[in-house]
Amino acid sequence: MDTLKLKILELMKEDARRSADLIATMLGTAEDEVARAISEMEADKVIVKYATVVNWSKVDDEKVTALIEVQITPERGRGFDAIAERIYLYPEVKSVYLMSGAYDLLVEIEGNSLKQVASFVSNKLSPIDRVLSTKTNFILKKYKQDGIIFEDQADDHRMLVSP
Amino acid sequence: MIKDETTIQPNKVKSMQDYLAPAVREIKPSGIRKFFDLVSNSKDDIISLGVGEPDFSTPWHVREAAVYSLERGRTKYTPNSGIPELREAIADYLHTSFKVKYEPSNEVLVTVGGSEAIDLALRALVTPGDEILIPEPCYISYSPITSISGGVPVGIETFAKDQFKLTEKALRDVITPRSKILILCYPSNPTGGIMTYEDWLPIAKVVEENDLIVISDEIYAELTYGQKHVSFAAVPGMKDRTILVSGFSKAFAMTGWRMGYACGHSELISAMTKIHQYTVMCAPVMGQVAAHEALTNGLEEKDRMIESYNQRRRLIVKGFREIGLECHEPQGAFYAFPSIVATGLTSDEFAQKLLFEAKVAAVPGDVFGLGGEGFLRCSYAYSVSQLNEALERIGKFLRKL
């Protein structure tokens with residue numbers, strides 16, 4: 001990928017709401033060039049979606065997130081992919097990763113309550129053929145996500161004027 | 001036995017002012033200080049463009065190295081000129097980055113910030129009455145510390161039309177038989193001006209012809225955009241006449257650590273080390289450890305910070321031009337220096353009105369000496385959203401003027 005696109009991605013990763021005009025100014029390039037690069041990356045699914053990082057603990061209807069370690073028996077010819085697909089199609093599932101180490105898949109589930117997540121694991125996930133075991137880890141507190149630290153660290157401790 | 005307070009005669013001391021050294025008494029408080037007080041007294045909802053320091057925190061691995069070193073109990077004095085591994089790292093770094101070669105054992109001195117290095121150089125060199133030549137607008141300290149050392153500061157005005165470069169003619173115009181030292185600060189605080197190799201050559205000629213010593217404050221050396229910084233010490237024949245002063249504050253976001261250094265001719269460094277050892281003994285050990293970590297493992301992080309300043313530089317310069325303020329393109333440091341002459345106000349009036357009416361703090365250019373009147377120093381070491389908000393406020397303010 002060319003450097004311009006990489007730089008655009010870095011700037012949009014910091015703040016997805018930055019306009020093509022602003023990005024072009026910051027990178028010292030033309031606005032239409034930036035707009036074209038963004039469209040291309042959207043078309044190529046390099047940019048998949050524009051999302052918002054939410055600190056749910058600051059909102060009343062707090063979400064419950066669990067990371068579930070899943071051991072599975074891989075399927076002949078399709079390895080882990082078929083089961084991974086069965087799992088990631090559930091809307092409760094936020095992410096699925098194939099892992100090296102003691103288990104095979106790491107599945108991130110988001111629900112409105114502990115009960116809802118537990119019920120998903122016991123009723124939907126565990127009964128899937130070839131799922132050997134699950135181990136559910138609830139996230140108690142998020143300190144940092146996607147490179148963003150959740151605690152208020154934004155205070156500027158500098159003096160208002162200095163030499 | 002406790003002394004009876006009534007026996008102390010309060011009238012004996014006429015005025016403490018009478019006791020002060022004349023050189024200190026006569027120094028005016030810095031214009032930045034005055035403006036700082038004004039800003040601090042009207043704190044609410046102010047967006048500041050007034051700081052001369054990075055908005056990044058010191059990179060974590062640098063802080064962590066200092067913490068780890070403290071945990072292991074490294075809390076003792078160090079050699080006067082600094083821990084050997086740091087001096088070596090500094091020498092390597094200057095050689096790799098700016099093509100100037102120093103011998104770590106006797107040509108490098110680690111100081112408490114670049115400011116101490118400049119003070120040491122002046123105290124080591126100045127005989128009362130010597131003239132110290134200072135291109136202005138410039139960092140606010142050069143002139144007062146020159147006076148404290150007994151020297152006579154002589155400003156050399158530089159101009160926006162020359163991108164605030166020092167020209168051969170301007171330098172020649174101020175030289176007298178008493179001229180001894182030239183203090184350079186490029187990339188420049190407050191103008192963002194830089195000097196290229198071609199710009200330096202005629203200056204070096206004048207320096208040689210007039211047998212001047214140069215104190216070259218290169219604290220912003222890393223922060224250039226487009227052209228790489230050229231150290232004055234790297235100009236042929238100039239190394240032995242130059243004390244290269246730099247530090248970790250700006251490029252490595254380490255202002256509060258007060259870590260700086262001076263490099264130069266061994267006899268000069270040795271003279272400066274004498275003063276250093278009798279005044280501060282050595283720079284703090286934890287700062288030296290952190291600085292060593294920054295130089296050995298922090299160069300990538302430094303580059304990322306510089307890229308980010310560059311993006312914001314483009315943003316603020318374009319922003320000023322769009323709202324109608326003339327602004328030369330700064331090639332270094334992290335300041336924009338737009339002209340406010342068109343408004344008919346003085347720098348001080350403009351900055352004060354801007355502060356009280358638009359709630360934006362920026363430093364009036366006149367505090368930086370000759371040539372600063374009519375300008376405003378605006379730091380762009382702020383987040384993109386803060387810069388946009390500040391530009392919007394300044395734009396609105398200008399339309400109402």
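Which elements of chain B each supply at least two residues of the lining of the largest cavity? They are α4 (84–98) and β7 (242–247), where helices (H or I, at least four residues) and strands (E, at least two) are DSSP runs numbered from the N terminus. The model here is a predicted one, in which local features need pLDDT of at least 70 and side-chain atom pairs count only at pLDDT 80 or more, while totals for chains, interfaces and linings use all residues. Residues are numbered from 1 along each chain as its sequence is written, chains are lettered from A and ligands numbered from 1 in the order in which they are written, and side-chain values use heavy atoms, with hydrogens and water left out.

Back to the empty spaces. Rolling a probe the size of a water molecule over the atoms shows where empty space is left. On a 1 Å grid over the protein atoms alone, a cavity is a set of points where a 1.4 Å probe fits but cannot get out, a pocket is an open set with protein on both sides within 12 Å along at least five of seven lines, and lining residues have an atom within 4 Å of a point. Grid points are joined across faces, edges and corners, and a volume is the space filled by probe spheres set on the points. Searching the whole structure turns up 2 cavities of 30 Å³ or more. The largest cavity holds about 100 Å³, and of its 14 lining residues, Tyr93(B), Glu222(B), Ser246(B), Gly247(B) and Tyr261(B) lie nearest its centre. That lining divides into 10 nonpolar, 2 polar and 2 charged residues (Ala, Val, Leu, Ile, Met, Phe, Trp, Tyr, Cys and Pro count as nonpolar, Asp, Glu, Lys and Arg as charged, and the others, Gly among them, as polar). The second largest cavity has a volume of about 70 Å³, and its lining includes Pro135(B), Cys138(B), Cys185(B) and Tyr186(B).

Lys28(B), Pro29(B), Ile140(B), Ser143(B) and Pro144(B) lie nearest its centre, out of 22 lining residues. Two or more of these come from each of α1 (22–25), α2 (31–40) and α6 (142–148) of chain B, with α6(B) giving the largest share, 3 residues.

Now for the packing. A nonpolar core is a set of buried Ala, Val, Leu, Ile, Met, Phe, Trp, Tyr and Cys residues joined through side-chain atoms within 4.5 Å; buried means under 20% relative accessible area, exposed over 50%, and partly exposed in between (1.4 Å probe, protein chains only). The largest such core has 95 residues, and Ile8(A), Leu122(B), Ile181(B), Ile316(B) and Phe320(B) touch the most other members. A second, separate core of 28 residues includes Ala89(B) and Tyr261(B). Ile215(B), in strand β6 (residues 213–217) of chain B, is buried at a relative accessible area of 0%.

Finally, the two chains meet through 16 residues of chain A and 28 residues of chain B. Between them they bury about 1,900 Å², 62% of it on carbon and sulfur atoms; buried area is the accessible area (1.4 Å probe) that two parts lose on being put together, summed over both. On the chain A side, Arg158(A), Leu160(A) and Pro163(A) lose the most area to chain B, together 40% of what that side buries.

Terms used. Contact = heavy atoms within 4.5 Å.
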